[in-house]
Every structure is written in C-alpha cells, then in structure tokens.
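Here's a short tour of a protein model. Have a look at the sequence and the 3D view before reading on.

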Amino acid sequence: MTFDLVIKGGTVATASDTFAADVGVQNGIVTAIAKDLPDGAETIDASGKLVLPGAIESHCHIEQESSSGAMTSDDYLSGSVSALFGGNTTIIPFAAQQRGQSVHDVLALYRERAAKSVLDYSFHLIITDPTDTVLKEELPHAFAEGITSFKVFMTYDKMVVSDEMMLDILVTAREHGALTMTHAENNAMIKWMVKNLVAKGYKQAKYHAVSHPATAEVEAIHRGIRLANFVGAPLLIVHVSTDEGARLVSSARTDGHPIFGETCPQYLFLTKEDLDRPDPEGAKFICSPPLRDAKTQADLWRHLHAGNLQLWSSDHAPYRYGDSKLAAGPNPAFNQVANGMPGIEMRAPLLFSEGVLKGRLSLNRFVALTATNAAKIFGLHPRKGTIAVGSDADIAIWDPQETRTVTQAGMHDAMDYTPFEGMTITGWPVTVITRGRVAMSNGTLHAARGDGAFLKRDAFDWTGYSAALPPELTPETNFGAKLL
Ligand code: DUC
Ligand code: ZN
Ligand code: ZN
C-alpha cells in the first residue's frame, strides 16, 4: 500500500475510543488505521499529539444579513479560514430567506458567496416566509439538493413564524426527512420587556440580559417541543442557555422524541456581568439568548457531561464593535445593537481547555460534541465527523500542552474584538488536514480560496426515535381523518 499521507505516532480519538495508531490516507480518504504504517509521500510526526476528527461548526453566521440588515464582518473566506485555525474542517452556516424572497434565489446567492470557502460546507435554510410555493415546491427542491435542515425563529419581528407556520414547516420537513432547528424565545415577553425597560430609561447593555428573561426561552422551548411532538417531527433547539431548557430537551429525548439541544461557549465562559462593562463596551457581549449567570454555567457543563445537549456550536455572529455594534451611535440603547458575537475559532479550544483538561468531559465526549454528533444529526456521517476507514481525511492534530493567551490579534476572522480576550487556553490544533491535504500547520495557512466543496447531506436519521402521532392525527382514533 502506498499512501499519499501518513500521520504517525499520535493518539487517535473518536467519539467512542482513544488509541495509539498511525493513519494512512489515499486520495483524500482514510484507508488505514494501524500500528507502524510505512511512510507515505508525506508523513507527519504526531508523537505527543492528539489526532482528532476535524471539527464541524454547525451554527455560524457567515456573509449573512442579520434581522436588522447588518452584514456579518466575515465572508466565506475569512469565516472559513478562522474556522480552520480553530480545528474545523466543515462549516454549516445559514442561507437566510428574507420575507418575499424565493428559496431558489436565496440558495443561488449563498452558493455564490460560499464558493470562496477554504472548507467544505453546507447550509441550513432559514425560513421566514413559508408560502405555499415555499412549502410545496421550494423546500422539497432544496431538500433534493442535499440541504436537509431548515431553521425558524420564534422571535424577532422580521423573522418570527407563528405556531401555525411552524407546524407547516415541521410537517414539510418531516415529509422530506429534514430536521427543523429553532431559535426559541417568546417574542411577546421580550418585546414587552424591551418596551418597558427603554421607556423607563434602562438602556445600557446590561439591560439586554434583563429584557430576555430565562422564562422566555423556557416557554418557547416547551412550545417548540410540543409543536414538534404533535406532528411527529424532529426538532433541534439551538443555543440553549438555561438549565430548564436543557431539562426540557432531555426529558423529550427520554420519552423517545427526536429532540436535540445545542449550547455555545458564551453561555459557559461569560456571564451577564460582562454586559456591565463601562459604556459602550457591554455592546460586545450582546447576543440572544443573552449571557446568564455562574449557576447556569455550572448547570450547562453538567448537561454537556450528561449528554443532555448534543451540540457545542459557536453561534459565530460577527458584528464588528467599531462599526456594526455601534452603528446606531457611540452609546446605543441595548435594543439598537446587533445581536451576536464571534467565536468560530475559539469554540473547540475553549471546550478542550476547560472541558477535557479540567476533567469535566472525556476526550471522546469532546469529539462527539465538536464533530461526530453534528455529522450524525446533519446527515454527514460517516463521511465527516470521525476517523474511520472510508471517511474523508478531515483531521485536526492537537497539541494538548500548548498554552496561549487569547487575543484578537491571534484570531483569523475579520473582527475587531474577541469576547474571550485574555483567557489562558491550553490545547490547540496545530495541523489541520482537509480531505488529505494539509490546510493549516503551525499557524500557516496552506488552503486556498475555493478549496471547499458543497456537501450534499443525507436525510435525518430516524433510527431509534418514535414517530408516533397523537390520537387527533391518527385516523384510527380521529374518526378517519387523514391529515398527514
Ligand atoms: N440568534 C442566532 O442564532 N444567532 C445570532 C443572533 C440570534 O439571535
Ligand atoms: Zn438564534
Ligand atoms: Zn445563530
């Protein structure tokens, strides 16, 4: 056997096992995992290093207009490069439908934008306008093209879908084998809080946290899960930021429903006290759901450990401090600030340093949370998300001992701040391989614009989940009405 690339002497870890082995690659595919493989055309010495599946960033906003119209600072080039330096080999950003836009046009636009990506990519389709044409023609067409996840917002006036619309989308997704994702917060509660806070002059960034109460998230998660369960559809709750929200996800899963939960670094590494920095710096920390408190951080660590939340995503939503965040003026009211913060490069290193090295999570759980679970949930496994014979050779070699202080200067995105500035993080990806080619090594970029390819994803995997419908939707118990 002659290999194009052999990674020798490292410790390989997957979502289930950790073992010493060499990894041989031919034509971009892993073709051997064994002891003492011969050298390849290229051989990388990984002794003392961890050889992990390339991470999959499945929640990031890249070259996307926000609900308020602000464009993210990162395009598909800078966003994918930053992801690469953070150990990622695949990204799944959003292709966002604005109301009135056809899904066909949205996908054409994002395909053009994404052609710059250095990493393989897919899209989740954000749906804000589920017309009959969208539901009956355009979503099935998107699905046939391999876009097998749709996202809906339960809040934000420009994006929100009603419960009735959400049912239509859930049913369409279910019919075609797609997964629906949702931003779950109660729109009315938030609007009522914002209106009252602003009217009484409470406009500083810290009041953003007050305006998005935990109960608004819990209510919407509960409702989202009930809607999904009612029509027997799978649902992923993105950016869960509360203990009770994670418990709702876990409880639905225990009942056999295909419900998933995701959380993000900001909810475990930052708190609402960060919003209380001297004006206007708190604006850097405005994201939704908002930062919570230290108790919630500890709760979410437990939920990750217990497997109650399946995804760890950055929710990279990069709006520069100097221009986008302060677009409304030098000292904007909290409700005039673009929601979101960057983190695509820090997502995996933060979890490794504070999760694996501090003994909160096993290395295998780390791999599951950063790579394998996303591949399975989003129809990319086993091509992506693991190291196995036959999988794409998407591999991140980590130095588990390298310590760095996080600075914006060290990031590769197009931002002017990182919310994690000054943190000391141990364990970094030092070499990243995409489909068998070294894309980054020791801080040097080798990948080129356009190296990434669009990934056609599989349908949602129903294995083990119940698709049982309630009596009102079952002809045997609803007097024969065939509704689904
Ligand atoms: N929700 C997200 O998922 N990302 C950025 C902003 C938001 O509200
Ligand atoms: Zn959201
Ligand atoms: Zn997001």
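This is a predicted model: local features need pLDDT of at least 70, side-chain atom pairs count only at pLDDT 80 or more; totals for chains, interfaces and linings use all residues.

Start with the zinc ion (ligand 2): His183 holds on to it through ND1 and His239 through NE2, at 2.0 to 2.1 Å. Those two histidines come from distant parts of the chain, 56 residues apart. His183 sits in strand E11 (residues 179-183), while His239 lies in the loop between strand E12 (235-237) and helix H8 (243-254).

What about the geometry? The zinc ion (ligand 2) has four donor atoms, and the angles among them run from 62 to 169 degrees, so the site is irregular. There's also a zinc ion (ligand 3), 4.1 Å from the zinc ion (ligand 2).

## Helix H10

Now hop over to helix H10 (residues 294-306), which has 13 residues. At 1.5 Å a residue, H10 should span 18 Å, and its end C-alpha atoms are 19 Å apart, which agrees.

Which residues of H10 are buried? They are Thr296, Gln297, Asp299, Leu300, Trp301, His303 and Leu304. A handy rule here: an α-helix has 3.6 residues a turn, so residues three or four places apart point the same way.

The cover over the buried residues of H10 includes H8, strand E13 (259-263), helix H9 (265-269), strand E14 (311-312), helix H12 (347-356) and helix H13 (363-377).

Key: Residues are numbered from 1 along each chain as its sequence is written. Chains are lettered from A and ligands numbered from 1 in the order in which they are written. Side-chain values use heavy atoms; hydrogens and water are left out. Donors are N, O and S atoms within 2.8 Å of the metal (3.2 Å for Na, K and Ca); water is not among the atoms, so sites may look incomplete. Four donors count as tetrahedral if all angles lie between 85 and 135 degrees; four count as square planar and six as octahedral if opposite donors are over 155 degrees apart and all others between 65 and 115; anything else is irregular. Helices (H or I, at least four residues) and strands (E, at least two) are DSSP runs, numbered from the N terminus. The expected span of a helix is 1.5 Å times one less than its number of residues. Buried means under 20% relative accessible area, exposed over 50%, partly exposed in between (1.4 Å probe, protein chains only). Contact means heavy atoms within 4.5 Å.
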